[in-house]
Amino acid sequence: PNISAEDALTRIKNPALRELVRRLDTHSVIIAPLLSAGRVVGILSIARRRTGTRAPYSDAERVLVEEIAASTALVVTRSTRLREIVESRAQLRELVEESPFAMAMFDRDMRYVYASRRWVLDYKLPQSSEQLRGRSHYDVFPEISEDWRSIHRRALAGEVVRHDGEAFPRADGTVDWVRWEVRPWRAADGSIIGIMVFSEDV
């Protein structure tokens, strides 16, 4: 609404904001809600000081403020979502890397996104979890067979593949016997953004 400063002072509940309106010697105020999907995510308040023009805000100015409020709401919403995504990814990273199980998450190009420390230890990798991030799984394990690559492709297509105990020959001539599961990693909208691999020695 477009209201006088005196009216604004009776409506504003925040003491600090009321004091600011008084101190700025405000003549009139426009207050517009920041709306996102029908939900109020904040407010935009623009004040006109008494030292300037005493004319009330025009309809054109009110429309402009509403347009600014709509743009501001979009920025606020996107910033909030970005913060939530960053926080969610940080939590996921900690969950995976601190897991007591050997597990790793890969993007659609089979590049490491996260890997547990147990994964690094079980497979005797020279890289840390941090150093694996962004590297191709097939560069880290050049001995991987075409059968395993096919399993990865099946998981990327939406299938959950598992085995209760299988030999995994290593490049150094040793053989690991592992129980494993490979499943699609899905985004919130259900799309497949990578795969998750779980394994343990048997």
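Buried residues first: they make up 35% of the 202 residues in this protein. Keep in mind that this is a predicted model. The secondary structure comes to seven helices and eight strands. On contacts, take pairs of residues at least 6 apart in sequence. Of those contacts, 40% join residues at least 24 apart.

Strand β4 covers residues 102-107, and strand β5 covers residues 112-115. The two run antiparallel, joined by three bridges. Met105 stands opposite Tyr114 in β5. Four residues sit between the strands.

Now look at Met110. Met110 is in the loop between β4 and β5. Its phi is positive, near 60 degrees, and this is a residue other than glycine. For background, most residues other than glycine have a negative phi. Is Met110 buried or exposed? Met110 is buried, because its relative accessible area is 3%, and the cut-off for buried is under 20%.

Compare Lys124. Lys124 also has a positive phi, about 55 degrees, and is not a glycine. Its place is the loop between α4 and α5. Lys124 counts as exposed, at 62% relative accessibility.

Back to Met110, and what touches it. Ser136 is in contact with Met110 and Arg111, leaving aside the neighbours of Ser136 within four places in sequence. Ser136 itself lies in the loop between α5, residues 129-132, and α6, residues 137-140. The side chain of Ser136 has a polar atom 3.2 Å from the backbone nitrogen of Tyr138. The charged end of Arg149 sits over the Tyr138 ring, 4.0 Å from the ring centre.

Next, the aromatics. The count comes to six aromatic pairs. One of them is Tyr123 with Phe141. That pair is edge-to-face, 5.5 Å centre to centre, with 85 degrees between the planes. What does the pair tie together? Tyr123 lies in the loop between α4 and α5, and Phe141 lies in the loop between α6 and α7, so the pair links parts that are 18 residues apart in sequence. Both ends are buried: Tyr123 has a relative accessible area of 7%, and Phe141 has 2%.

Another pair is Trp148 with Trp180. This one is tilted, 4.6 Å centre to centre, with 55 degrees between the planes. Trp148 lies in helix α7 and Trp180 in strand β7, residues 175-186, so here the pair ties together parts 32 residues apart in sequence. Trp148 and Trp180 are both buried.

There is also an aromatic cluster. Phe106, Tyr112, Trp119, Tyr123 and Phe141 form it.

Last stop, helix α7. Which residues of α7 are buried? They are Trp148, Ile151, His152, Ala155 and Leu156. These residues cover an arc of only 140 degrees around the axis, which puts them on the same side of α7. An α-helix has 3.6 residues a turn, so residues three or four places apart point the same way. Trp148 is among the buried residues of α7, and its aromatic partner is Trp180. Just after α7 comes Gly158, with a positive phi of about 115 degrees.

Terms used:
Residues numbered from 1 in each chain as written. Predicted model: local features only at pLDDT ≥ 70, side-chain atom pairs only at ≥ 80, totals over all residues. Heavy atoms only, no water. Polar contact = N/O pair within 3.5 Å; in protein donor to acceptor, adjacent residues only side chain to side chain. Contact = heavy atoms within 4.5 Å. Pairing = 2+ DSSP bridges. Phe/Tyr/Trp six-rings, centres within 6.5 Å; stacked < 30°, edge-to-face > 60°. Buried < 20%, exposed > 50% of the residue type's maximum accessible area, 1.4 Å probe, protein only. Lys NZ or Arg CZ within 6 Å of the ring centre and 35° of its normal. Arc of directions from axis to C-beta.
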